[in-house]
Amino acid sequence: MPQVPQTFDALAVRTWCGLALEALGRAREEIDAINVYPVADGDTGTNLYLTLESATAAVEAVFGGHEVGGHEAGGGDEAGGGRPTLADAVRAMAHGALIGARGNSGTILAQLLRGMAQVLAADSETAHTDGPGLRLALRQAADSARQAVAHPVEGTVLTVASAAADAANGAEGDCGTVARAAYEGARAALAATPGQLAVLERAGVVDAGGRGLVAVLAALVETFTGEAPRMRLGSPEVHARVAAVVTEVDIVGAGIGGVHPDVCEDGAPEEGGPAFEVIYLLEAEDAAVDRLRGRLDLLGNSLVVVGGDGLWNVHVHVDDAGAAVEAGVEAGRPYRIRITHFGLGDVHTGGPGRPPRERAQRAVVAVVPGEGLAGLYAEAGATTVLARPGEPPASGELVEAVRRAHAREVVLLPNDAELRHTAAAAAEQARADGVRVALIPTRSAVQGIAALAVHEPERRFDEDVVAMTSAAGATRYAEVVVAERQSWTMAGICQAGDVLGLIDGDVAVIGSDITTTAESVLDRMLSAGGEMVTLVLGDEAPDAIAAHLESRVRESYLAVDTVVYRGGRQGALLLIGVE
């Protein structure tokens, strides 16, 4: 048997993360299948796995950095550079989980890990590396997770976490003893969840998030004892019901055995529910986050805000996705924004008489450059991936968005010429997963808006793709930006600080005034004709520019309509589309 750590050190953190990731990987499909609360979207196991994968990667990165440093310095012990300290490892674990948290369950798991890290990494005279230290860490984890949820509900992962901490508190001994007590307490609480939450009882399953936490705690037991506890969900009857659900359910769907779990925060039946899931990271001060919690609580439900020290992960279900993002903008700097439209026919948005949710027939996945556009696209039914200036999304992020869209057919809009190869790689991977994907090579978000405007899910896939491609191709695009450095362009030499007008990707106008340059760009585009002008304003665009350009179009170009959107932090001062 390999040697197991006797105390909670950095190596124990690394081992635990690796074992927990393996455990969630094995249980992923089972957990997805029993996911009926708070939304029956069949992704709890996947979200927990992705969250812990991010935490594990962060821990491995810390070890990798110290190993390189140790070799260069010739050191080998924990203090000498060959191995990170416990504080280094648990802080990396917590930070990785925070920035990689997915969904309601993943966000809560991130806070559980952060709560443990707050104790294990604390600067104090007494090191919290033994059994009593682990007891304190588990208590802090359960308490901080409960505080992060706007309206805690019993019969969920919060109940399981509290039970684990309570059981650990009564255990005397080393880390292995405390971990086993926590695991047994969590397992017993998990088995009792159907009696606490009516939707679980109707489905005949235990709580999916709690099931994931039990797997993570089982990995903690294995870390300190070298033996994995046998995963038992309580009574044979409960185990049989869970096994039956896993057997019957199509894992990629979200309908669970004909159950219609439309529920509100207290677990009672609800006639309908919010249409969007909104998640983003947020850089903000504590006071601003307190105000944000209050505002988001009024907008929707399933509100979880985790983090601290200036960085937060925000999760909420709302009908107005744009308002949820705008609330984040007012509080600080939101980024990595993910908006998922639950879609028509989802049990989350339908009444109790609807059939369980299946895969949608068709969905649109779009890369967008700003928070305002993300809300606009989401309200039109698209699943969005936010591309911040200088941080283009990787193909894996696009594949994840395709999976979140949960459809048999997907239209992919990269909205950036430089993302063509990234989007193509994502499309190939999604096709390998059995999804029919059409990539429309949109080069700007305004072309994506034109494509989305003619999207009709009811018609044949090929016809829909042709119509969307034609609409995008018939839309000329432009942007107004500020030059960052001196450069040669198609319009001559520009200096840092000059205002540039780019048409179809090439610099066409160099000016000194934003509004004047934008007007010149618009005149050039409309000289070849046009029926519709789309203006997307960035945060730093002059307040009066939209009114000025609208007036210019109205007075100089008959029968041309203008529509204006707020794009948020989109990089460009102004995006222009002419159809």
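Predicted model: local features only at pLDDT ≥ 70, side-chain atom pairs only at ≥ 80, totals over all residues.
Local features need pLDDT of at least 70, side-chain atom pairs count only at pLDDT 80 or more, and totals for chains, interfaces and linings use all residues. Residues are numbered from 1 along each chain as its sequence is written, and side-chain values use heavy atoms, without hydrogens and water.

Three cavities of 30 Å³ or more were found in the whole structure. A cavity is a set of points, on a 1 Å grid over the protein atoms alone, where a 1.4 Å probe fits but cannot get out; lining residues have an atom within 4 Å of a point. The largest cavity holds about 340 Å³. Its lining comprises 30 residues, with Tyr37, Pro38, Asn104, Ile108 and Ser302 nearest the centre. Helix H4 (103–120) is among the elements giving two or more residues to this lining. H4 supplies the largest share, four residues. By class, twelve lining residues are nonpolar, 13 polar and five charged.

The second largest cavity has a volume of about 130 Å³. Fourteen residues line this cavity, and Leu112, Leu138, Ala141, Leu213 and Leu217 lie nearest its centre. H4 again gives the most, with four residues. This lining has 14 nonpolar residues, no polar and no charged ones.

Arginine 404 lies in helix H14 (residues 395–405). Arginine 404 counts as buried because its relative accessibility is 18%, the cut-off being under 20% (1.4 Å probe, protein chains only). Its side chain reaches the backbone oxygen of threonine 384 at 3.4 Å. Beyond neighbours within four places in sequence, arginine 404 is in contact (heavy atoms within 4.5 Å) with Arg338, Ile339, Thr340, Thr383, Thr384 and Val385.

Methods:
Buried < 20%, exposed > 50% of the residue type's maximum accessible area, 1.4 Å probe, protein only. Polar contact = N/O pair within 3.5 Å; in protein donor to acceptor, adjacent residues only side chain to side chain. 1 Å grid on protein atoms, 1.4 Å probe; cavity = no way out; pocket = protein on both sides within 12 Å on 5 of 7 lines; lining within 4 Å. Points joined across faces, edges and corners; volume = space filled by probe spheres on them. Nonpolar A, V, L, I, M, F, W, Y, C, P; charged D, E, K, R; others polar.
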